[in-house]
Amino acid sequence: MRYSAFSIFRAALAGNRGWKPAWRKPEPKPHYDVIIVGGGGHGLATAHYLAKNHGITNVAVLEKGYLGSGNVGRNTTIVRANYLLEGNEPFFAHSLKLWEGLEQELNFNAMMSQRGVINLYHSDGQRDAYARRGNAMRLAGEDAELLNRDQVRELAPFLDFDNARFPIHGGLMQRRGGTARHDGVAWGYARSADSFGVDLIENCEVTGIRREGGRVTGVETTRGFIGCNRLGLAAAGHSSRVAEMAGMRLPIESQVLQAFVSEGLKPFIDQVITFGAALFYLSQSDKGGLVFGGSLDMYNSYAQRGNLATVESVMEAACALAPAVARVKALRAWGGVMDMSMDGSPIIDKTPVQDLYLNCGWCYGGFKATPASGWCFAHLLATGEIHPLAGAFRLDRFARGYQIDETGHGAQANLH
Amino acid sequence: MASLINCPHCGVRPREEFTIRGDAGPVRPAPDADFGAWDAYVHLRDNVRGPMAEHWQHSGGCRRWLVVERDTFTHEVFAVVDAADYTRVPVAKPARARKAANPAGRRGGA
């Protein structure tokens, strides 16, 4: 069923009893051309582009819980392409372009809202760094604009511009950045992949990877053995666990990142605003809740919940940036398990095991990458060749000394 | 992660006083070890889901390096010992058994 204003009208006249489930619940077949492990944003996007760009539809996506139950449903919904390094920026620029046409492509309302992303700066040195970043973005064809203090004040008057310790001097604005409805993205990709004939198999946990003569032949799951020609792993925070089944150790630590939503307020914050003095980001959802988050809890964790010490520091940052939020009540807090790589950049690559492909290491920046990640991973699974946009995201770059280290922190996963 | 860590020198202290370094399992290779050994030590991780030993520093207290044994899924802390008193054992070994073998006694001066 194609969604449109007309379909809503027609279904309403029929008492809204004509809506069909957006995807099937198929039983797994004994064998597929491609199996993707992980029914989150990246796995579902990969299935969509495998079918749409490459015509490969004998595909299964295996999800241990329900579709979108991992990080695609647990993020702060920010979409941006404001990277500095040349290994990263073209990839994320492509992702942003795909975001712009996503709803039309999927025939699904992902509530893409290009409201602008502002990274605030609080010192001369930080302004210079942001000017450099903005120039790098423009060289890659993206939009970037360095705002001075008055320009930021016009857009976001409720911030504490005269904070004694971190006065706001201005911000780097990317107007095409913004937010999208995170669940809607997963549902849109799932519905589209399903319509091409891809089997989305929920409640199916992979427990082993079967190999014969050095190549993958299928996966053991809680719903039995399923054979495949090619296997793609897109298991986000649990990538190390799945890769271990194929005898691999990854340059990844799983860490917990928390996020928060406040009670609903009248329109108050129009853009996505990040605090330059601490890792903190703030936006307002269409329902009116402030959506915000900070840094990692800093320790390895597979639990989707965090520590009160981090909650406190995030709230402190919120009050330092926008004192008006001090009396706003937080409604919900949650944690997601991040696959933090050793340089803070992702991995989309082949592995030493033949026909086994890897998509992981998205750290806490995976949501905005969803379309391009699926695009490049589908290309890899279909052709066996690395997509040029993901040419820097190789697994062996650590051994070769070609890390893509945006923050310059070295091999310490929790500092990226 | 638990909100309190029992420092063997300072007693039960809030977790904010401690700074994590990471997995206590990997052993630094010899300076002339081959490149693969160094790559594995610097970049690759077991990334354990379950009981794990980690280096933490009591940076807001006695500043001693500690080994905290905890579960990365339940966040339960099993034992805390001074890093100087810690003997590396394979991570697969049950953490509770190690607790008995390493009494977390007070260790003065060093």
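The side chains of Arg45(B) and Glu253(A) meet in a salt bridge with an N to O distance of 2.8 Å, a salt bridge being a side-chain nitrogen of Lys or Arg within 4 Å of a carboxyl oxygen of Asp or Glu. The model is predicted, with local features needing pLDDT of at least 70, side-chain atom pairs counting only at pLDDT 80 or more, and totals for chains, interfaces and linings using all residues. Residues are numbered from 1 along each chain as its sequence is written, chains are lettered from A in the order in which they are written, and side-chain values use heavy atoms, with hydrogens and water left out.

Between chain A and chain B, two salt bridges are counted. Residue pairs in polar contact between these chains number 15, both residues being at pLDDT 80 or more; a polar contact is a pair of N or O atoms within 3.5 Å, where within protein one must be able to donate a hydrogen and the other to accept it, and residues adjacent in sequence count only if both atoms are side-chain atoms. The side of chain A that touches chain B draws its largest share, four residues, from S15(A). Chain A contributes 27 residues to the contact and chain B contributes 26 residues (contact: heavy atoms within 4.5 Å). About 2,300 Å² is buried between chain A and chain B, 46% of it on carbon and sulfur atoms; buried area is the accessible area (1.4 Å probe) that two parts lose on being put together, summed over both.

Arg191(A) is located in helix H7 (residues 182-195) of chain A, helices being DSSP runs of H or I with at least four residues and strands runs of E with at least two, numbered from the N terminus. Arg191(A) is buried yet has no salt bridge, and the nearest side chain of opposite charge, Asp194(A), is 8.0 Å away. Buried denotes under 20% relative accessible area, exposed over 50%, and partly exposed in between (1.4 Å probe, protein chains only). For charge, Lys and Arg count as positive and Asp and Glu as negative, whereas His and the chain ends are not counted. A polar atom of the Arg191(A) side chain lies 2.9 Å from the backbone oxygen of Asn107(A), and one lies 3.4 Å from the backbone oxygen of Leu106(A).

Over all chains, the structure holds zero disulfides (a disulfide is a pair of cysteine sulfur atoms within 2.5 Å). Cys228(A) is in no disulfide, the nearest cysteine sulfur, that of Cys204(A), being 12 Å away. Cys228(A) is buried, at 3% relative accessible area.
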